[in-house]
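Subject: Structure handover

Hello,

Here is the structure I said I would pass on. Please open it alongside this email.

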Amino acid sequence: MGADTGRKYDLIATDVDGTLCNSKHQLTSRTETAIRRAAALGVPTVVATGKAKGPWSKTILPRIGSPSPGVFSQGLLVYGADGSLLYSECMDIDVAEDCIRFAEEHGLSLAAYTNDRIICAEQDEHTDRLIPYGEPVPEPVGPLRDVLQEVPIQKFIYICSQERLDKVRPAAEQLLGSRCHLTVALTGMLEVLPAGASKGRGLERLLKHLGIPAERVMAVGDGENDLEMLQMVGLGVAMGNAGEKVKSAANAVTATNDEDGLAQAIERYILSG
């Protein structure tokens with residue numbers, strides 16, 4: 001694709017929280033306009049997010065050109081343009097049991113993602129922190145190990161204060177590191193994915209389905225969980241609100257999400273070409 005157009009990129013892949021949306025979880029008019037102008041040039045935008053396909057998707061996705069394909073739950077769920085599920089990956093039950101045991105032993109709140117639902121042993125102030133992001137409301141189901149045989153779990157999130165997270169992460173990595181991929185998207189939330197899983201892997205699967213080479217993609221993100229995605233594409237752009245590790249891994253840095261950084265990146269690298 002793109003060989004006869006003169007453009008460098010055929011697709012924009014964007015993170016959602018901290019990138020596509022501002023700190024109030026809003027898609028601004030400038031960003032929406034930039035996305036629609038790029039689409040009119042033949043460069044559509046897809047989301048690559050750690051989020052489930054929750055309430056947020058019903059308000060945000062139509063404004064960027066829904067129906068559209070996308071990567072969800074840190075690459076563990078990949079959907080085609082028609083809404084069909086192209087790929088799904090779940091956690092092994094024995095690993096899931098260890099994740100649950102770790103949360104119990106360390107007194108951590110634990111949220112489990114299962115397709116378009118989030119479940120937890122009991123809802124509390126920490127699991128409720130997911131709600132403002134437009135995620136599905138966490139459903140208390142009692143002890144999570146009791147549902148593992150019937151409910152496929154894509155990923156877990158340990159939720160606590162960042163200070164507490166910094167203390168327990170090394171122990172989590174020692175217990176789970178060889179069997180899981182641990183990453184962070186939001187402060188005070190440590191995500192546990194099946195080994196080898198990442199947004200980058202999910203995007204790779206989507207690009208293969210779409211027939212678009214990775215070098216013809218611009219990806220934009222702000223979190224640790226965006227690193228693999230930014231490094232695999234032709235142009236990886238870090239948001240101004242990203243950490244130094246993400247900025248160092250990117251090809252370019254744009255403004256913050258409260259300064260329409262995604263729109264500025266599209267205007268500079270897509271619309272001005």
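Below are my notes on a sheet, a helix, a cavity and one glutamate.

Please keep in mind that this is a predicted model.

The sheet

Start with the open sheet of six strands. Its order is S8-S7-S6-S9-S11-S10, and the pairing is mixed. The edges are strand S8 (139–140) and strand S10 (180–184). Each has a single partner strand, so one side of each lacks a neighbour in the sheet.

Within the sheet, look at strand S6 (residues 109–114). S6 runs antiparallel to S9, and five bridges join the two. Tyr113 sits opposite Lys155 in S9.

Two helices pack on this sheet. Helix H3 (residues 93–106) touches S6, S9, S10 and S11. The direction of H3 makes about 10° with that of S9. Helix H4 (residues 162–176) touches S9, S10 and S11. The direction of H4 makes about 165° with that of S10.

Helix H8

Which residues of helix H8 (residues 261–271) are buried? They are Gly261, Leu262, Ala263, Ala265, Ile266, Ile270 and Leu271.

The cavity

The count is one cavity of 30 Å³ or more. The largest cavity has a volume of about 160 Å³. Its lining is made up of 21 residues, and the closest to the centre are Asp17, Lys51, Ala185, Leu186 and Glu191. By class, the lining has nine charged, seven nonpolar and five polar residues. Strands of the sheet come in here too. S9 (155–159) and S11 (189–194) each supply at least two lining residues.

Glu228

Is Glu228 buried or partly exposed? Glu228 is partly exposed, because its relative accessible area is 28%. Leaving aside neighbours within four places in sequence, Glu228 is in contact with His181, Ser198 and Gly200. Glu244 is 16 residues from Glu228 in sequence. In space, the two are 15 Å apart, C-alpha to C-alpha.

Best wishes

Notes
Residues numbered from 1 in each chain as written. Predicted model: local features only at pLDDT ≥ 70, side-chain atom pairs only at ≥ 80, totals over all residues. Heavy atoms only, no water. 1 Å grid on protein atoms, 1.4 Å probe; cavity = no way out; pocket = protein on both sides within 12 Å on 5 of 7 lines; lining within 4 Å. Points joined across faces, edges and corners; volume = space filled by probe spheres on them. Helix = DSSP H or I, 4+ residues; strand = E, 2+ residues; numbered from the N terminus. Nonpolar A, V, L, I, M, F, W, Y, C, P; charged D, E, K, R; others polar. Buried < 20%, exposed > 50% of the residue type's maximum accessible area, 1.4 Å probe, protein only. Contact = heavy atoms within 4.5 Å. Pairing = 2+ DSSP bridges. Axes fitted to C-alpha atoms, helices over the stretch in contact; angles between N-to-C directions.
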